[in-house]
Every structure is written in structure tokens, then in C-alpha cells.
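Biologist: I would like to learn how to read a structural model step by step, beginning with the contacts between charged side chains. Could you take me through one?

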Amino acid sequence: MSEQVLIQFRVDKKLKQDVAEICDALGTDIPTVFRMCMKQMKIVRGIPFSTKLPENIVTRSEALDAFEEMRRQAMDIPEMTLEEINEEIRLARDDQKTRKY
């Protein structure tokens, strides 16, 4: 067996606990997973998983703007009477009964 070295690093406690639970559910532990990752890095001569950023990143302000726009659009919808609501429910139920699954 070759000479071994100790690798240490710091990580958020909650993240470590969450990852340890996943490893446990898979029947392994964090050190084993890290060794597997390092061996794969050697084989592929790179990081063994995708490190790309998603195509569409939505910022917090964009999400809030979209929410406010939906809220504005919802305000433009006219109020329904109780009879109109009940009629929509009846039509939806009738439609559901006639569908074949």
C-alpha cells in the first residue's frame, strides 16, 4: 500500500451533516466518496461532474419583478359571482368525468 496523507478542510456544519446523511443512506461515508471523486479526477484528468452555470439565471430582483407583474395582471381580472364560480366548478367536474385515462 502506498504512503497515505491526511487532507483537512473546513465546511459548513449543516452541509456536512446533510452530506453525511446522504452517504449513510447510500451505505458509504464522506471520506470514501472523496477518495472516489479523487480517483475519478485522476482517470478523467478533470472534475468528474459538470461545472457549468445554468443557462438562465434569475436574479432575486427579476423574480420579484415577475411576481409583481403577475400580481398586477391578477388585479385586472374581473370579480366572479358565486354563480359563475359554481358554474366553472361544474364544468370542470363534467370535463373530468368524460376524460378517459
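Modeller: A salt bridge is counted here when a side-chain nitrogen of Lys or Arg lies within 4 Å of a carboxyl oxygen of Asp or Glu. This is a predicted model, and by that rule the count comes to seven salt bridges.

Biologist: Which residue forms a salt bridge with Lys14, and how far apart are the closest N and O atoms?

Modeller: The partner of Lys14 is Asp18, with the closest N and O atoms 2.8 Å apart. Both residues belong to helix α1 (residues 13–25), where they are four residues apart, about one turn of the helix.

Biologist: Is Asp18 buried, partly exposed or exposed?

Modeller: Buried means under 20% relative accessible area and exposed means over 50%, with partly exposed in between. Asp18 has 30% relative accessibility, and therefore counts as partly exposed.

Biologist: Which side chain meets Glu69 in a salt bridge?

Modeller: Glu69 meets Arg72, at 2.5 Å from N to O, and the two lie three residues apart in helix α3 (residues 60–75), again about one turn of the helix. Arg72, at 44% relative accessibility, is partly exposed, and Glu69, with a relative accessible area of 33%, is partly exposed as well. Arg72 also forms a salt bridge with Asp76, where the closest N and O atoms are 3.3 Å apart, and Asp76 is exposed, with a relative accessible area of 56%. Through shared partners, these salt bridges join Glu69, Arg72 and Asp76 into one network.

Biologist: How many positive and negative side chains does the chain have?

Modeller: There are 17 positive and 19 negative side chains, and the centres of the two sets lie 12 Å apart.

Biologist: What pattern does the chain follow along the sequence?

Modeller: The pattern is α-α-α-α, with four helices and zero strands. After α2 comes Arg45, whose phi is positive, near 55°.

Biologist: What radius of gyration does the chain have, and what would a compact globule of 101 residues have?

Modeller: The chain has 27 Å, whereas a compact globule of 101 residues would be near 13 Å. Along its principal axes, the C-alpha trace spans about 80 × 40 × 30 Å. Buried residues make up 2% of the 101 residues, and the accessible surface comes to about 10500 Å², of which 58% belongs to carbon and sulfur atoms.

Technical notes:
Residues are numbered from 1 along each chain as its sequence is written. This is a predicted model: local features need pLDDT of at least 70, side-chain atom pairs count only at pLDDT 80 or more; totals for chains, interfaces and linings use all residues. Side-chain values use heavy atoms; hydrogens and water are left out. The radius of gyration is taken over C-alpha atoms; the globule rule is 2.2 Å times the number of residues to the power 0.38. Buried means under 20% relative accessible area, exposed over 50%, partly exposed in between (1.4 Å probe, protein chains only). Accessible areas come from the Shrake-Rupley method with a 1.4 Å probe; for residues, only the protein chains shown count as cover. Lys and Arg count as positive and Asp and Glu as negative; His and the chain ends are not counted. The place of a charge is taken as NZ of Lys, CZ of Arg, CG of Asp or CD of Glu.
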